[in-house]
Protein chains: 4
Amino acid sequence: MKKQKHLHKHEKAVRDLKTAKGQIDAIIRMIEDDRYCIDISTQILAVISLLKKANTKVLKTHIETCIKEAINASEEKTVESKLEELEKTIEYMEKHM
Amino acid sequence: MKKQKHLHKHEKAVRDLKTAKGQIDAIIRMIEDDRYCIDISTQILAVISLLKKANTKVLKTHIETCIKEAINASEEKTVESKLEELEKTIEYMEKHM
Amino acid sequence: MKKQKHLHKHEKAVRDLKTAKGQIDAIIRMIEDDRYCIDISTQILAVISLLKKANTKVLKTHIETCIKEAINASEEKTVESKLEELEKTIEYMEKHM
Amino acid sequence: MKKQKHLHKHEKAVRDLKTAKGQIDAIIRMIEDDRYCIDISTQILAVISLLKKANTKVLKTHIETCIKEAINASEEKTVESKLEELEKTIEYMEKHM
């Protein structure tokens, strides 16, 4: 039951992740069927876009749950560290997006 | 047998794709286990980087096989259209990478 | 005097922005001097990386000043709207980075 | 005169580069005027998108001129090295876009 509750928290991101997995399967089949390289590239780029969306959804949920909860609970140290984490994530996005 | 031959052509990209699929499975399990959002984001961004590499490998193989074959066969029209496709792919990368 | 104070707030980002401007000037001169296209592309991609860094610095400063100030002042509504803005910026980064 | 001819070859990319320069000036003025960080970030991300477009235009022109000329002149070695360069550029894009 607990797993369902956690999945629910990132429900939309999980949907994107599962779709991305299915698309990767389809790309591997395209390669097996010797489909044209350019079409394969186009599909990989589409999965990249989808995963970017999943990442945005995870971070939005993070801001709306973890960060807001720490702010509302006035846990200064926790808020401080969560904001620092967010800065690092934005830096990580810069390098990986 | 034919499938193996085609998989061989994009062997390195297929390896990245299969790794990416495994990583996505692991991310979904992280969410089920209520792992921290920032760690989930970091993993998604790592899969994005891996898929970018897979795309680069597919395009390199395309240049080294399809495009070179058309050039060597002096099929002017085919070369023309393959170079146009490559231009479109570079444009597509601009929007999706 | 006030301008200097504001520039100071985003001092590092301003330095990157001014460097990026200088690099763009240099790229235009490369084109005037008929330098090789691939070298021109490489320079443009370097400016893109630099501007991504500048953006990260602006957002870090924003989190450390505007967002922290609102949290410390317990201005609930302001905090709420600033976190929403941050979500939108992360979404905007997804599309433009 | 020669400079004009070269500028003409990358005319559209030069226009984007000059626009990007002007936008960076405007961003620095925004910072001087203590404009809101999120708006500054949005403008930087817009310049990144514009520079990505400029890069695509440079590479398209490269394919349509340098690469096609080498192919038409049947300079096998030159074609080989230009295709290799293009592969490297695609790899460079993967890391910097």
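B:Lys21 counts as partly exposed, at 22% relative accessibility (buried means under 20% relative accessible area, exposed over 50%, partly exposed in between, with a 1.4 Å probe and protein chains only). Its partner in a salt bridge is A:Asp25, with the closest N and O atoms 2.8 Å apart; the term stands for a side-chain nitrogen of Lys or Arg within 4 Å of a carboxyl oxygen of Asp or Glu. B:Lys21 lies in helix H2 (residues 11-32) of chain B and A:Asp25 in helix H2 of chain A, so the pair joins two chains. A:Asp25 is partly exposed too, at 26% relative accessibility.

A word on the model before going on. It is predicted, so local features need pLDDT of at least 70 and side-chain atom pairs count only at pLDDT 80 or more, while totals for chains, interfaces and linings use all residues. Residues are numbered from 1 along each chain as its sequence is written, chains are lettered from A and ligands numbered from 1 in the order in which they are written, and side-chain values use heavy atoms, with hydrogens and water left out.

Now for the other salt bridges. The rule gives 28 of them over all chains, and two lie across the interface of chain A and chain B.

| Pair | N to O distance |
|---|---|
| B:Lys21 and A:Asp25 | 2.8 Å |
| B:Glu94 and B:Lys95 | 3.7 Å |
| D:Glu11 and D:Arg15 | 4.0 Å |

In the B:Glu94 pair, B:Glu94 is buried with a relative accessible area of 7%, whereas B:Lys95 is partly exposed at 48%. D:Glu11 and D:Arg15 are four residues apart in helix H2 (residues 11-32) of chain D, and are therefore separated by about one helical turn. D:Glu11 is partly exposed, at 38% relative accessibility. There's also a network of salt bridges that links A:Lys53, A:Lys60, C:Glu91, C:Glu94 and C:Lys95.

D:Thr56 touches B:Ile90, B:Glu91 and B:Glu94, leaving aside residues up to four places away in sequence. D:Thr56 is buried, with a relative accessible area of 2%.

Back to chains A and B as a pair. In contact (heavy atoms within 4.5 Å) are 44 residues of chain A and 44 residues of chain B. Together the two chains bury about 4500 Å², 72% of it on carbon and sulfur atoms; buried area is the accessible area (1.4 Å probe) that two parts lose on being put together, summed over both. A:Ile31, A:Cys37 and A:Leu45 supply 13% of what chain A buries against chain B, more than any other three residues.

Polar contacts come to 12 residue pairs between chain A and chain B, both residues at pLDDT 80 or more. A polar contact is a pair of N or O atoms within 3.5 Å; within protein, one must be able to donate a hydrogen and the other to accept it, and residues adjacent in sequence count only if both atoms are side-chain atoms.

How are the two copies related? Chain A can be laid on chain B with an RMSD of 0.0 Å by a turn of 180° and a shift of 0.0 Å along the axis, the superposition being by least squares on the C-alpha atoms of residues with pLDDT of at least 70 in both. The two copies are thus related as by a two-fold rotation axis. The same surface serves both, as 100% of the contact residues of chain A recur in chain B.
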